[in-house]
Amino acid sequence: TGNRTSSRCNAGRSRPCDRFDLSWLLSPMSPEEWLSEYHERRPLFIGRNDSEYYSACLSIEEIDRLITCGEWLWPWVRLLREGDPVPTGTYTESRPGPHTALRVNLDKLVAEFRNGASVLIEPDRFYEPVAALMRSLETHLSYRVGAGIWLAPCGAAKTPFHSDVTNVLILQVSGSKVWRIFEPPVPLPIIEMGADMAGGQL
């Protein structure tokens, strides 16, 4: 992970992360109520008047810092347009060395972003505030949790209608977005059903 551990990239590690847990995420609802009334049963929307509520864990400034610091490799950072992957050749280049790797070219990534592509970062376990939240969720839910950070430009094309085959928790940390949520075509689908869950069935 040396390509992602410059001193600037490590700034987030110094933050106190103990409070980034399921209780913090769901407040003012308790985890017990969510697990008994909503989890794998029905959607829950929590509106907040505090636009900075999530910023201690992740903010638009932190996302900018994560993208611009150090050297990123594909697929930890990748681009999508209207839900489809952008060809890697438009924003990556081969990194010399004994192991084949695609290095993200920041200038090309920014150009694609300005042209309507969305950026997806997979923070995995290296960004401690998000990692702390992931560990707490795994403790409460007893299954593995992953995380993705999405950054979409203003006026970006909408993501096509789709059906997720995993439990999804969305934290909107900046900007505005219209969300449309439908009844699932199949209750509690399994991953193998993903190819059959076309948007046209919603």
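K177 lies over the face of W179, 5.2 Å from the ring centre. A charge counts as sitting over a ring if NZ of Lys or CZ of Arg is within 6 Å of the ring centre and within 35 degrees of the ring normal. R42 is placed over the face of Y38, at 4.1 Å from the ring centre.

This is a predicted model, in which local features need pLDDT of at least 70, side-chain atom pairs count only at pLDDT 80 or more, and totals for chains, interfaces and linings use all residues. Residues are numbered from 1 along each chain as its sequence is written, and side-chain values use heavy atoms, with hydrogens and water left out.

Now the aromatic rings. The structure holds four aromatic pairs. Rings of Phe, Tyr and Trp (its six-membered ring) pair if their centres lie within 6.5 Å; planes under 30 degrees apart are stacked, over 60 edge-to-face, and the rest tilted. One of the pairs joins W24 and Y54 edge-to-face, with 5.7 Å centre to centre and 85° between the planes. W24 lies in helix α1 and Y54 in the loop between α2 (31-37) and α3, so the pair ties together parts that are 30 residues apart in sequence. Helices (H or I, at least four residues) and strands (E, at least two) are DSSP runs, numbered from the N terminus. W24 is buried at 8% relative accessible area. Y54 is buried too, at 13%. Buried means under 20% relative accessible area, exposed over 50%, and partly exposed in between (1.4 Å probe, protein chains only). Y54 also pairs edge-to-face with Y53, at 5.2 Å centre to centre and 90° between the planes. Both Y53 and Y54 are buried. Ring pairs link F20, W24, Y53 and Y54 into a cluster.

W24 leads on to the core. The largest nonpolar core has 34 residues, and W24, V119 and I121 touch the most other members. Such a core is a set of buried Ala, Val, Leu, Ile, Met, Phe, Trp, Tyr and Cys residues joined through side-chain atoms within 4.5 Å. At least two residues of this core come from each of α1 (22-26), α3, β2 (77-81), β6, α5 (128-141) and β7. Helix α5 gives the most, with five residues.

What does V119 touch, leaving aside its neighbours within four places in sequence? Its contacts are I67, V77, R78, L79, L109, F113, I149, W150 and L151. Contact means heavy atoms within 4.5 Å. In space, A152 is 6.4 Å from V119, C-alpha to C-alpha, although 33 residues separate them in sequence. A152 sits in the segment after β7. It is partly exposed, at 49% relative accessibility. Beyond four places in sequence, A152 is in contact with F113 and S118.

Helix α3 is next. In α3 (residues 60-68), E62, I63, R65, L66 and I67 are buried. What covers them includes α4 (106-114), β6 (118-121) and β7 (149-151).

The structure holds five salt bridges. A salt bridge is a side-chain nitrogen of Lys or Arg within 4 Å of a carboxyl oxygen of Asp or Glu. One of them joins E122 and R78, at 2.7 Å from N to O. E122 lies in the loop between β6 and α5 and R78 in strand β2, so this pair ties together parts that are 44 residues apart in sequence. E122 is partly exposed at 30% relative accessibility. R78 is partly exposed as well, with a relative accessible area of 22%.

R81 and E112 meet through their side chains at 3.0 Å, N to O. R81 is in strand β2 and E112 in helix α4, and the two are 31 residues apart.

R103 is partly exposed, at 25% relative accessibility. E93 is partly exposed, also at 25%.

How many disulfides does a search of the whole structure find? It finds zero. A disulfide is counted as a pair of cysteine sulfur atoms within 2.5 Å. C57 is buried, at 4% relative accessibility. C154 is exposed, with a relative accessible area of 86%.
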